[in-house]
Amino acid sequence: MNNDLKLSRRTFLKLTGLTTAYFVVDPPLRNLSVAYAFGDHPQEKPTYTVTKKIPQVCARACECDCNYDVVVGVDQATGLERALTLEGRPEDPVSRGKYCIKALGFVDSMYNPDRLLVSLKRTNPKRGLNEDPGWVKISTEDAVQEIIDKLKKYRPEQMLFASPGDPYSNRLCRSLGVTRTDQRTECFGTHYYLNSLMITNPPNKYYSSTYTVTHSLWGFDYSETKYMLWFGFDSFSKTGKSGILNHIVEGKRNGTKIVAFNPLKTPLADGIIDEWYPIKPGTDLAVTLAMIKIILDEKLYQADFVKDYTDAAALIDTETKMHITDESGKWLAWSTANNKAETLGVCDKPALDGGPYTVDVGGKQVQAVPVLELLKQNVKDCTPEWAEKISEVPGQDISRITKEFAQAAPTVCIPNLKRDPAGPNYANSWRLMHSLNILQALTGSLDHDGGVLFLHGVKIPWLEEVDPIPKPYPEQPKKSIDYRTEYPVTNKIYREKDYSAPGHYGMVGHGLYHSDQVKVVIFKGPHRGLHALIQPQMTEAALEKMDLVADWNMYPDDAAYWCDYILPAPHQYEGGKLDIRQYYPKWPCLVGGAPVQKPPGDCIGWGSIAKKIGLALAPEYWTTDGSNNPEKAIKGNMNDAALQAVGAAKDQDDFINNKNAIWIDKKPYENYKTIREIGYQRPEGRVRLYIDEFVEDNHEGLPKWAERWTSSEGEYKFSLLVTRAGWHMHADPNFIDNPVINMLSNKNHIDCVWVNPEAGKELGLQEGDEVIVTTNPKYMPELPRPIKSKIHLTERMARKDCILLFHGIGHRSKWLKNGVWGYRDGDLIPQKNPKIGKPHDPTGMGWVEDVYVSIKKA
């Protein structure tokens, strides 16, 4: 254990694996020049003169969305102006003046010679990786019009938009009545859906219509918390999230204890983490169930919070297994004072255990048990010793850690963001996420300073709120190609509560491949095409039979080989922004960004594309008077409304130019206030531990142990782990196609398969050997595509039964001059048939690490 660990800047950089990156963060990456120890020094003759600093928000590098200034200067030789580097903004409560190498990669990518600046149209009708599309240049206006003319020929169920749930994608797809799906299910789908089902109860008063849905509770108070449990949270990608790391380091200086469970020994485990356990992959659920049992058996929970802010005392019908409610829909509890059922909230001394109690419901006598009692029964066999046999984490440590965690409550938290065991890595990830939220509820850390901070006091409105629709949207297709319609739990949220909810990307390829329903696929990039899909080879095969495929992207990436049109997207610095502080919402805050330059060439924004298509195909939803008159087109000005609502500025221009592009209300955080406002049974909102929707879909209302979907069999004995380098974001060519950043990848073996040295020895493998990695055909019977790569033998692979791959590499587009290197992890991860998925998981996620593979020397 590393108690009283003091971290200098240099130590911190070393521990987070950023030592190499440190030496390139100050100058722009593609403009590095040799510095001389003696004699003339390049800095004595500056090439550029700084002229201005423009505020920006780092949207899409990660969800921290750090706020900083882009430094702009003029080349003294040519007089040309360009972005040079970045300067942190200490007033931003998330980044606090810090930024990572990905942000500098964005500076570079504005001037990447591989950027797409014109629209391209295919002339060769044959699609495929080995086919030359025969591109011809076409004006963007003409390309959009040709796409519109083609779309008019198809019914809504024949079209698919692969796009996150941003305001314009939402309105476009809803107005057309078409399916929208996206890759966020493979990032944080279970986090989103379980938070929605347990806590945020969409729609709520603070939910903002942004790319990163605010029902994902990511406001962990790293700086002030006393104790954190990390279940795979310390991925390699976290070493590049400056908006999180600066708070974690402050927390360590304040005495935070961190206990991590991860089969990988990441750089954070080298010094920042106090205790690290190389848990068996996919067994985190066993540990959390044992922790719940210990807390309940020893009454270590925060009794007042559990009674007043959760449904722990709510009664569950033992026959229907659903919440019992009064005539107004309010939950009932059993009054131990009056020996009868009363409405929860006004119930006199509600029972948290015991039963069954006899309750009169509409003249019928039913037996009912409190939720907390059912939870106790649910985990009665989940002892630490039981969990040890499954997870290989010592039972005595599970017991001790649980007690320490409970004693530190309520200033504790269990951070979970994306691509961790809680979601959506395994078939039991939804159960794990359920159990993590229960642990945080039992400890009273939800909506508490030093625990899990909730977004409050600020909102970026929906497009429909600033530009109301004249009539209800048309119905969505009865059958969704991503099988969402076969998953009633998530489908109900998507259709009735939050249309921006993540789509089922782990099944859409299967649906496209096994059906002729869809004829048109529109990708909204950047970096959300084939690389965002698991088993992309299935989607590739399906795209060959499509009538129309189009992509909106900054680069002609791999999807280009199957596209009929590619429309050039602007760079993220070429547009204005307004953002909430979702990663640290202790105070209501808005930050803004201004364009650094005008989009070059013939680029077009997604909002403009959506408006053009909408005006042509569903004009009544895209004009203020329901006509098809472009002069009456909706304004779509959500930013001004958000600023005006809190008195931050009169409009976006005023905010940027006169208000320093930041508004923050540093009032004290009011513990448990937001739960009341947004939770279930609001306005007296509560955390819902027991989920009726799971019962309605033939699953359990409370989490219980379940194995993974796959298992080790014969030569397929290596559990696949997937992470991402700290200097990459998804498969974004802004970083993958950067020669300087690629130096980091090469030095750190990112293009290799990582294997434990002892496992490598048993296989007769040496460092640098080429190997073939193959998925068990039992679980991937269609279109298998093994990968070939060199191996890297490293003790960071703490277990002999795992291998590690890095996500986002493996591009094949010949138009990316520096981006074609490495394997593609998705090739090994099967798309899911709903017949396989539904018995395991009512949320319909992709289980991106529920895979066993073999390794053989090439």
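1. Contact here means heavy atoms within 4.5 Å. Among contacts between residues at least 6 apart in sequence, 74% join residues at least 24 apart in the protein chain.

2. This is a predicted model, where local features need pLDDT of at least 70, side-chain atom pairs count only at pLDDT 80 or more, and totals for chains, interfaces and linings use all residues. Residues are numbered from 1 along each chain as its sequence is written, and side-chain values use heavy atoms, with hydrogens and water left out.

3. The protein chain has 26 helices and 30 strands. These are DSSP runs numbered from the N terminus: helices are H or I with at least four residues, strands E with at least two. The radius of gyration, taken over C-alpha atoms, is 27 Å, close to the 29 Å of the globule rule for 858 residues, so the chain is as compact as a globular protein of that length. That rule is 2.2 Å times the number of residues to the power 0.38.

4. Of the 858 residues, 65% count as buried, meaning under 20% relative accessible area (1.4 Å probe, protein chains only).

5. Helix α8 covers residues 284–297. Its 14 residues should span 20 Å at 1.5 Å a residue, and its end C-alpha atoms are 20 Å apart, which agrees. The expected span is 1.5 Å times one less than the number of residues. In α8, 13 of the 14 residues are buried. Lysine 299 follows α8, with a positive phi near 50 degrees.

6. A closed barrel of 6 strands runs β25-β29-β26-β28-β27-β30, with mixed pairing. Two strands pair if DSSP finds at least two bridges between them. Strands β26 (residues 753–755) and β29 (residues 802–806) pair in the antiparallel sense over 2 bridges. Tryptophan 754 stands opposite leucine 804 in β29.

Terms used:
Buried means under 20% relative accessible area, exposed over 50%, partly exposed in between (1.4 Å probe, protein chains only).
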